[in-house]
Amino acid sequence: MRNLLKNPHLTGWLLASPLALVLLAFLVLPIAMIVVVSFWGATEFSIYPAFLFDNYEFLFGSPVTYSVFFNTFKYAAITWAFTLVIGFTVAYFLAFHVRTLTWQVALFLLCTIPFWTSNIIRMISWIPFLGRNGLANSTLISWGVIDEPLEWLLFSDFSVILAFVHLYTLFMVVPIFNTMMRIDRSLIEAAYDNGASGFQTLTNVIIPLTKPGIMIGSIFVVTLVMGDFITVRFMSGSQSANVGRLISNDIALLQYPSAAATAVVLLATVLLIIAVLLRFVDIRKEL
Amino acid sequence: MKDFTTPKLSRRSVLKGAAATVTAAGASTLGAPMIWAQNIKDVTLRQFGTGVSNLNEVAQKVKEDLGFTLEMTALDSDAVTQRAATQPDSFDIADIEYWICKKVWPTGNLQAMDVSKIKNYDKIVGIFRDGKLTPESTIAQGTAPHSVGFTTGPDGTEFVAEESGWMTLIPTIYNADTLGIRPDLIGREISTWAELLNPEFKGKASILDISSIGIMDAAMVCEAMGEIAYGDKGNMTKEEIDKTMAIFIEAKKAGQFRAFWKTFDESVNLMASGEVVIQSMWSPAITAVRSQGIPCVYQPLKEGYRSWGGGIGLSKSLSGLELDAAYEYINWYLDGWVGGFLMRQGYYSAVPETSKNFMTEDEWGFWFEGKPAQSDISNPFGKVMEKAGAVRDGGSFYDRMGAVACWNAVMDENQYMVRKWNEFVAA
């Protein structure tokens, strides 16, 4: 028995098995179930086991699917660009401009305070602010900047992306800040000593070394936006659709197989995007 | 999938057996129904349905008046449909809408009700019996309640047109829906459904994003515009669905709609904030806007109302003492207390004349007869709904229910319609 436990292979397996079992039960099995159900059939009340391609046929045959997927990509890409720029700037300021560790931690915590509330509350609070008679419009009118309230502030792509950026920028700040803090300061000094300008240091030293953080943040933001449905529903006033809403509509109508098929396609798309992102940076090597 | 069978000896069946024995013993020795009245206290009936009429106040009053326990579960209409169709053992009483009945009845999960056991059957309004509110009324399009209200016999699975003596659902609650408007922001008369797509309200209109009801409102609008003549708005052809959605997609692309709403509170917020000045709306939502001190009218329109109705049905598995209790409950339901409770919230009850006994003369005048309120009108929860002098939008019961153009319905082309509706939302 004692000898058995000393066997490094066996201990390795034993140590890994709890996590493997948890992942199997709560990640692999549910996903496998979704894939299986996506081939089932459905009537108005029930679903029945079968092996049909109907759900996929309808999905790929409908122009709605393509426009909805396009819309989802659009939201993801624009949100990603904004969160990256803002997140990078905030992290840069925290890491390189704030000198003492105490202040860095204090300001970093300040960034997280809004996240102590529910993200639905944070999202919905934009609605009265951006509305036709909301704070934003009445302020602009009283300053004389505009005469008529701006209609596109609310229930538009603008408000959807604004809410996304607001909700998810922190997911960019945290990993980028984390990697920036690990950069050896002597490298930056060396760059200055060799005559690099501030901008050259940024592009040649800091950005390459922050890549893993940027990549992790990007994965967070892209997957969160691609999988969202409630933000799009509320901020567009139900007028725009993304893939998440397509799935939730199907579920409401008890069309689980069709919802599962859409979910499988979405999952495949997101995995593909992440695979491409990981081609650029080997996160494991650079962490 | 494996089907596990559970032992048949449940608490419920034991209780049932015990109750039956005691009843029999009681009847043979005393011959008095007193014992039965004792037993009925042990009965628990499980009712589920949409939130509209699944009110805890009703369960409390049942306990007080009838002695037995009523357990209420509120679900949304999709979940209600699914449960009624697939899990007949999970409920005793289903509180569903008539269009849901059309879907669920053929599954055989509900049992027909013997109208000879319904005390107030003769007083139920005509809409639920021969389909006519008054002898001169014409029957509206869609799933009219009487058309799915009767079946052939105790085990009937088909609907029959005439009053056969076997009812599928006992009607409980109904109302007539129309467009809600902000008169202060519109400033002129609104008299037709076509106004929803009037470019004058560009960016200030809304429609509800629940396909089965939204499509009806859309059809009312297209018909009023003179664009489409429908055979039956409650059962459209594919071509009619295509045309309707094409008109609405065009309007959406032109920016006619400010937003769509899915829940009650969304519709209230859109209206109260002034984001929207004209939209499809439900009666209590109008009241909610008005109670914030904001003017809002449930505008009667010349084309008429889109109406809906609900009723209670009995599960197939209900029998013995519990079935008796269920009939007792139905009779109590139609006896007026619930009717008064619902009518004071702006809905209508199936037997208005019994409800009258549970309303003040002023309340009856305001809600049912369309007369000006003599004093402030409060809802059953004590909140003031209308000030003295106010008149109900649309007027009396006969003015409103007499002008129904279409009933909520489920179409033969339902699945096609849902897909088209999704296109509209994604457009």
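Ser238(A) is buried, because 22 other C-beta atoms lie within 10 Å. The model is predicted. Ser238(A) sits in the loop between helix H12 (230–235) and H13 of chain A. Its phi is positive, about 65°, although Ser238(A) is not a glycine.

Chain A holds another such residue. Phe155(A) is not a glycine, yet its phi is positive, near 55°. The residue belongs to the loop between helix H8 (135–142) and helix H9 (157–182) of chain A. Phe155(A) has 29 C-beta neighbours inside 10 Å and therefore counts as buried. The cut-off for a buried residue is 20 or more other C-beta atoms within 10 Å.

The UniProt record, an unreviewed entry, carries the feature "transmembrane region" for several spans of chain A. The annotated spans are residues 12–41, 75–95, 101–117, 152–177, 214–236 and 256–281. Two of these spans are described here. Residues 12–41 of chain A are 87% helix and 3% strand. The end C-alpha atoms of that span are 43 Å apart. Residues 214–236 of chain A are 87% helix and 0% strand. In this span, 29 Å separates the end C-alpha atoms.

Chain A also touches chain B. The contact involves 20 residues of chain A and 21 residues of chain B. On the chain A side, helix H4 (63–97) and helix H13 (243–252) are the elements that give two or more residues. H4(A) supplies the largest share, 3 residues. By type, the chain A side divides into 9 nonpolar, 8 polar and 3 charged residues.

In chain B, strand S9 (residues 205–208) has two parallel partners. With strand S10 (residues 257–261), S9(B) pairs over 4 bridges in the parallel sense. Ala205(B) has Phe257(B) of S10(B) as its bridge partner. With strand S11 (residues 278–281), S9(B) pairs over 2 bridges, again in the parallel sense. Here Ser206(B) stands opposite Gln279(B) of S11(B).

The side chains of a regular strand alternate between the two faces of the sheet. In S9(B), Ala205(B) and Ile207(B) point one way. Ser206(B) and Leu208(B) point the other way. All four residues, Ala205(B), Ser206(B), Ile207(B) and Leu208(B), are buried.

Helix H8 (residues 238–253) of chain B has 16 residues. At 1.5 Å a residue, the helix should span 22 Å. The end C-alpha atoms of H8(B) are 22 Å apart, which agrees. The buried residues of H8(B) are Glu240(B), Ile241(B), Thr244(B), Met245(B), Phe248(B) and Ala251(B). Seen down the helix axis, the buried residues of H8(B) fall within an arc of 120°, so they line one face. The cover over these buried residues includes helix H7 (211–225) and helix H16 (414–426) of chain B. The face of H8(B) turned away from the buried side carries Glu239(B), Glu250(B) and Lys253(B), which are exposed. Gly255(B) follows H8(B), and its phi is positive, near 85°.

Methods
Residues are numbered from 1 along each chain as its sequence is written. Chains are lettered from A and ligands numbered from 1 in the order in which they are written. This is a predicted model: local features need pLDDT of at least 70, side-chain atom pairs count only at pLDDT 80 or more; totals for chains, interfaces and linings use all residues. A residue is buried if 20 or more other C-beta atoms lie within 10 Å of its own, exposed if 12 or fewer, and partly exposed in between; C-beta atoms are placed from the backbone. Two strands pair if DSSP finds at least two bridges between them. The expected span of a helix is 1.5 Å times one less than its number of residues. The arc is that of the directions from the helix axis to the C-beta atoms. Two residues are in contact if their C-beta atoms, placed from the backbone, lie within 7 Å. Ala, Val, Leu, Ile, Met, Phe, Trp, Tyr, Cys and Pro count as nonpolar, Asp, Glu, Lys and Arg as charged, and the others, Gly among them, as polar. UniProt positions are given in the numbering used here, feature names are shortened, and annotations may be inferred rather than shown by experiment.
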